[in-house]
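Please consider the following model, which is predicted.

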Amino acid sequence: MISFTEFIDEKYGNDFKSIQNEQLNTSHINELLHQYKEVVLTNIIQQFGLGPIFDIYKRGGNITTLHNAENYVFASSEDEQRFMKNYSQDLRKELYEKDFKKNRKKAFQNNQVIIDDYTGKPLNMDGRTHRDHIVSASEIQQNNAARLYISDQARGEMATNEKNLAWTDGSLNQSKGENDLVKWMNKDNNKDSSKTNVDYYNIDKDKANEKHKKAKQYIDGEIKKAKTEYYIKNVTNTGVAQGLAMGQKQAIGLVIYEFQDALMIEMKAYFKKYKTFQSIGDKINGFEHACKNIKKHMISKTKKILVSFADGFISGFIGNLITIFINTFATTAKNVARILNEGIHSLIKAVRILIKPPKAISKKEALLEASKIISASVITTIGVILTEAFVTYLKTTPFAPFAHLIGGSIGGILTGIVSATVVYGLDHYAEILGKLKGMMNQLGYDLKISAVEIKNNYYSSIQTLDNECQEVINKIYIEYEELHLMTRNAYNTNLVETEFIQNSINLAEKLNIKEEKILITKQDVLNFFNN
């Protein structure tokens, strides 16, 4: 099968060359062609080849936000297990009343008198004296933020901190139970409905309210502090992890592109001179020379590769941060996270070109290059998503064993074609705008030019724009539709054998497959898949 680079050259090489104007020379055209290949091929390599290896995207992002947790979307099983743990008496004893009896006995030994924190009266030094959670264990456990941001152990320690505990009579504590202290005090007593709980237990209301206020402030403050620590820790960890993954993907993709580019150039030159070599030694020396040239080329690209890694790291970190922010109020799907992060990476590359364009490139050319980078990145990302859907469909057909091979190949080729065509369209459209600018310059607002002439020039310009745009759009549509139709027919197993085989041959010829490699009979197909 021909390489994608050759496919671009054969299909669009002439069209690329046709966009030159009087100021463009051959070297400029070749440079543009090289840029098209680099932009498109690097994206294809990174997304289709390295994407599955660096699959860093997940539904809801890399951190479990409170919004996502409340909608049962978790970044880790640990978060899910902690958040979904329900309140129970067993949990209460294990987590919120740990060492209560031992601590009570110790308090009896160290204090001559223990005062009820709600009534101000002395308490008995026996089992009738209890320690009450001012903010109840049930309320703390059922607080979604507390369960998400605080570990079980830390939550238990918070609930049993002296700032949230009160000495009180056992009957009062049992009556209060898991109720909010302030609400419970104002309720009618269960034993004597003519009295409120405040009156029945002779509670010092002001004192009890003050205890509740301080305990509530303490619990709320600890949850807020835990929330801050939770996000600082997780944003840093997941941001660095995603940044490294993105940086590696971008750098490795560029290394693969530069290596194959240098390899093809050197091997082509080597085999061109092959017949001129007089001995085995000459052939080996020639091959070593080609390898050294490849090595020099890769070394010369070191800075570019390092910059690509840095870009990837920064975009990965920022993308992770933005994804987390969005997930605080809306849950992102996996593919949305992918488009968001890849879009940010291409945006950073585009902004750098605009801020610090390469030498000998004007601001206009820099803007065009930035547009090509963003377009190619977005199209390739969408192509990956559509390819995943196509692979899923193929798994339901007789081609299931080869779903990834077939789907990945077709998706990569079609995505590459669309990317290259859009890049071409951007440059072509720039030429159209240039022509229109020349026409509009003739429409100087001079009194000598009549209204009729201005009107005619205006309609002429609009017609030119319409024709040029239509030509570009038709070319993109026809090329893509033809390939789409031929691909669908080539994999339509419902057709009779002769028609099915012919469709496959047509697609192969369209893709310039060498004649000896084309499968032309049913037996050829069986032999191919069996081998």
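In helix α9, which spans residues 152-159, the buried residues are D152, R155, G156, M158 and A159. These residues lie on the same side of α9, because they cover an arc of only 160° around the axis.

Salt bridges that share partners join D152 and R155 with K85 into one network.

Helix α20 may be considered next. This helix, residues 497-510, contains 14 residues. From its first C-alpha to its last it reaches 20 Å, which is close to the 20 Å expected at 1.5 Å a residue. Its buried residues are F500, I501, N503, I505, L507, A508 and K510. Just after α20, N512 adopts a positive phi of about 60°.

The salt bridges of the predicted model number 13 in total. One of them connects the side chains of E97 and R92, with a distance of 2.6 Å from N to O. The two partners fall into separate classes of accessibility. R92 counts as buried because its relative accessibility is 13%, under the 20% limit. E97 has a relative accessible area of 25% and is therefore partly exposed.

A further salt bridge joins K214 and E210, at 3.9 Å from N to O. Where do K214 and E210 stand in relation to each other in helix α13? They are four residues apart in this helix, which covers residues 205-273, and so they are separated by about one helical turn. K214 is exposed, with a relative accessible area of 52%, whereas E210 is partly exposed at 37%.

The side chains of K304 and E258 also meet in a salt bridge, at 3.4 Å from N to O. This pair links distant parts of the chain: K304 belongs to helix α15 (residues 302-326) and E258 to helix α13, and the two are 46 residues apart. K304 is partly exposed, with a relative accessible area of 31%. E258, at 1% relative accessibility, counts as buried.

A search of the whole structure finds 14 aromatic pairs. Among them is the pair of F74 and F83, whose centres are 5.9 Å apart.

Y270 and F287 form an edge-to-face pair, with 5.8 Å from centre to centre and 75° between the planes. Y270 counts as buried, at 9% relative accessibility, while F287 is partly exposed, with a relative accessible area of 40%. Y270 and F287 also belong to one aromatic cluster, together with F271, Y274 and F277.

Technical notes
Residues are numbered from 1 along each chain as its sequence is written. This is a predicted model: local features need pLDDT of at least 70, side-chain atom pairs count only at pLDDT 80 or more; totals for chains, interfaces and linings use all residues. Side-chain values use heavy atoms; hydrogens and water are left out. Buried means under 20% relative accessible area, exposed over 50%, partly exposed in between (1.4 Å probe, protein chains only). The arc is that of the directions from the helix axis to the C-beta atoms. The expected span of a helix is 1.5 Å times one less than its number of residues. A salt bridge is a side-chain nitrogen of Lys or Arg within 4 Å of a carboxyl oxygen of Asp or Glu. Rings of Phe, Tyr and Trp (its six-membered ring) pair if their centres lie within 6.5 Å; planes under 30 degrees apart count as stacked, over 60 as edge-to-face and the rest as tilted.
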